[in-house]
Amino acid sequence: MWPYWLMFLLPSAVALGGGWLSPQSRLSRRIYRPTYAWLVVIAALTLFIGYRYQVGGDWGSYIAHFQSQSWLDLWDVLSGSDPGYYLINWWFVRNGGDIYAINLVCGLIGAVGVAVFSRTQPRPWLAMAVAIPYLVNVVMMGYTRQGAALGIGMIGIAALLRDRPRQFIIWALLAATFHKSAVVLLPLAVLGRSRNRLVTGAGVAGVAVVAYWVFVQDQFDQLYTNYIEAEYQSAGALVRLAMNAVPAAILLIWHRRFTLIDNEQRIWRWVALLAIALLLAFPIVPSTTALDRLGLFVIPLQLVVFSHLPDVFGQSGRSNQFWVLLVLAYYALVQFVWLNYAAHAFAWLPYQFYPFVGM
């Protein structure tokens, strides 16, 4: 399991020596101009995710998805479920590609999404380190479609944080073509801008109706049957929802200590409330899998809160290495527990890198 630890320790080491960025600096245009160090990180993450071999609980299912595209025509793909993801499969299956080509594309999307989003935070390398144990290792390497959708969604959120709502909507709609659950991001376009509750409510309702009609309507019966009637359960869902609820509670309680501009305050307050609501719904909703899937899109809140935390509880603008180390220790513990005790961790172990398999 040393590759997982290597991917965590590298950004952690940089985070310990990193400084703090002001809102004006971290939300400038430079987030789209990565330095050489960030390009190396994006390349490393892309290869780490893309060339994994038999890693992830749904490895066999994704092979089957890829092979099934060989007998479909283009219209079947575009008119079906999650057309963005399956269009890539369809193209590669007809041009000599394989599952590694799909995973490389999705890995690149995820790596760019995490890097761009991390660079909007006051301690970008700390945000990147926070992302490794669960967002990268588990979500992007285990749930390829959701991981790519989340990566695109994080690029969109970075645009929204910079007050670019139209760009955000385009990114969120593109994310929904990889996994329809990404439509939960769309209300942020309204929630992040309006202070009027009536306008906010009307806007959210309008976005929800449009998103349902465009992306979910045709598959609603199937989704309801799969998630609600079948009462699908996800092992560890309660822990994962709690991992989102803890930073949500920190943000809601100590929000005045966060160096967030107004736009950010509104966006993350709503996301925090959603995280709390998902946890409270756990004993009520019959399918914990449904809550678990929605909770994936709340994970960026962890990067936001824990990259601010050293300056929330330490001295603003200082190195605050004790608090940085405390955050890193928490996520090292998360990774240790998951790799050693999670019910499905065996599907991630050992990590094998194609084509150096079995060496």
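Q: Buried means under 20% relative accessible area, exposed over 50% and partly exposed in between, with a 1.4 Å probe and protein chains only; why is Asp163 called partly exposed?
A: The relative accessibility of Asp163 is 44%, so it counts as partly exposed. This is a predicted model, in which local features need pLDDT of at least 70 and side-chain atom pairs count only at pLDDT 80 or more, while totals for chains, interfaces and linings use all residues. Residues are numbered from 1 along each chain as its sequence is written, and side-chain values use heavy atoms, with hydrogens and water left out.

Q: What makes Gln69 count as buried?
A: Gln69 has a relative accessibility of 4%, and therefore counts as buried. Its place is in the loop between helix H4 (59-68) and helix H5 (74-78).

Q: Which residues is Gln69 in contact with, neighbours within four places in sequence aside?
A: Contact means heavy atoms within 4.5 Å. On that basis Gln69 touches Val77, Tyr86, Asn89, Trp90, Val93 and Arg94.

Q: Why is the pair of Trp91 and Phe92 called edge-to-face?
A: Rings of Phe, Tyr and Trp (its six-membered ring) pair if their centres lie within 6.5 Å; planes under 30 degrees apart are stacked, over 60 edge-to-face, and the rest tilted. There are 24 aromatic pairs in the whole structure. For Trp91 and Phe92 the centres are 5.2 Å apart and the planes stand at 85 degrees, so the pair is edge-to-face. Trp91 is partly exposed because its relative accessible area is 46%, and Phe92 is buried because its value is 17%.

Q: What makes the pair of Phe336 and Tyr341 edge-to-face?
A: The planes of Phe336 and Tyr341 are at 70 degrees and the ring centres 6.3 Å apart, so this pair is edge-to-face. Phe336, at 39% relative accessibility, counts as partly exposed; Tyr341, with a relative accessible area of 62%, is exposed.

Q: Which residues do ring pairs link into a cluster?
A: The cluster consists of Tyr51, Tyr53, Trp59, Tyr100, Phe353, Tyr354 and Phe356.

Q: How do you know that Arg293 lies over the face of Tyr143?
A: A charge sits over a ring if NZ of Lys or CZ of Arg is within 6 Å of the ring centre and within 35 degrees of the ring normal. Arg293 lies over the face of Tyr143, at 5.1 Å from the ring centre.

Q: How many cavities of 30 Å³ or more does the structure hold, and which residues line the largest cavity?
A: The structure holds one. A cavity is a set of points on a 1 Å grid over the protein atoms alone where a 1.4 Å probe fits but cannot get out, and lining residues have an atom within 4 Å of a point. The lining of the largest cavity is Tyr134, Arg240, Leu241, Met243, Asn244, Asp292, Gly295, Leu296, Ile299 and Gln302. Helix H14 (237-253) and helix H16 (288-295) each give two or more residues to that lining, and H14 gives the most, with four.

Q: How many helices and strands does the protein have, and what share of its residues is buried?
A: The protein has 18 helices and zero strands. Of its 359 residues, 52% are buried.

Key. 1 Å grid on protein atoms, 1.4 Å probe; cavity = no way out; pocket = protein on both sides within 12 Å on 5 of 7 lines; lining within 4 Å. Points joined across faces, edges and corners; volume = space filled by probe spheres on them.
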